[in-house]
Amino acid sequence: MLLATPAAAVTLEIVIQGIRNDRGDIRVAVCSETRFLQPTCEHMRTTPARPGEVVLRLEVPPGTWAAQAHHDENRDGSIDTVLGIPTEGLGFSNDARFPFGPPRWSDAAFQLGPTGGRIRFTMRYKF
């Protein structure tokens, strides 16, 4: 009997542009459909914020994923809101929009192939 083995991880380069300042951290998560929009995902990384753009590399198995990012300006580990509207930056793969709530999985999902890949998206601020 053959046992299934997990696919080997490949490098996913994530470029996040539009970061407004150097306060706090950029928290990035690469998620399966079941973990998308949850506080934790299968693959996560945090890096200090820098104005402009940040580049991160994660080792992720090939497959269908969605990336989400949060500019945690005050390093409290949560997305700050006013009346339910985020006051810190958020971004999603495919530049999935979120005008009146979070994006759908299908809008943010991307394929990561066996040789790895690169995605780019923009951090968006409501205030």
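Good morning. A strand, as the word is used here, is a DSSP run of type E with at least two residues, and strands are numbered from the N terminus. By that rule, residues 85–86 make up strand S7, and Ile 85 lies in it. Please keep in mind that the structure above is a predicted model.

Let me begin with the surface around Ile 85. Together with Val 82, Leu 83 and Phe 127, Ile 85 forms a nonpolar patch, and the four residues share about 450 Å² of accessible area. How exposed is Ile 85 itself? Its relative accessible area is 38%, so Ile 85 counts as partly exposed.

I turn now to a sheet. Three strands form an open sheet in the order S4-S1-S10, with mixed pairing. Strand S4 (52–60) and strand S10 (117–122) are the edge strands, each pairing on one side only. On average, neighbouring strands of this sheet are turned by 20° against each other, direction ignored. Strand S1, which covers residues 10–19, pairs with S10 in the parallel sense over six bridges. For a point to find on the model, look at Leu 12, which stands opposite Gly 117 in S10.

My next topic is charge. Side chains of opposite charge can pair when their charged atoms come close. In this model the count comes to nine salt bridges.

Arg 23 forms one of them with Glu 73, and their closest N and O atoms are 3.3 Å apart. Arg 23 lies in the loop between S1 and strand S2 (25–31), while Glu 73 lies in the loop between strand S5 (63–72) and strand S6 (81–82), so the pair ties together parts that are 50 residues apart in sequence. Is Glu 73 buried or exposed? With a relative accessible area of 14%, Glu 73 is buried.

Another salt bridge joins Asp 25 and Arg 75, with 3.0 Å between the closest N and O atoms. Here Asp 25 belongs to strand S2 and Arg 75 to the loop between S5 and S6; the pair therefore ties together parts that are 50 residues apart in sequence. Asp 25 is buried, at a relative accessible area of 11%.

The side chains of Asp 107 and Arg 104 also meet in a salt bridge, at 3.2 Å from N to O. Asp 107 is partly exposed, with a relative accessible area of 32%, and Arg 104 counts as exposed at 56% relative accessibility.

Finally, which residues are linked in a network of salt bridges? They are Glu 13, Arg 57 and Arg 118. Thank you for your attention.

Terms used
Residues numbered from 1 in each chain as written. Predicted model: local features only at pLDDT ≥ 70, side-chain atom pairs only at ≥ 80, totals over all residues. Heavy atoms only, no water. Patch = residues over 30% accessible without salt bridge, like charges linked within 9 Å, V, L, I, M, F, W, Y side chains within 5 Å. Areas by Shrake-Rupley, 256 points an atom, 1.4 Å probe, with all protein chains shown as cover. Helix = DSSP H or I, 4+ residues; strand = E, 2+ residues; numbered from the N terminus. Buried < 20%, exposed > 50% of the residue type's maximum accessible area, 1.4 Å probe, protein only. Pairing = 2+ DSSP bridges. Axes fitted to C-alpha atoms, helices over the stretch in contact; angles between N-to-C directions.
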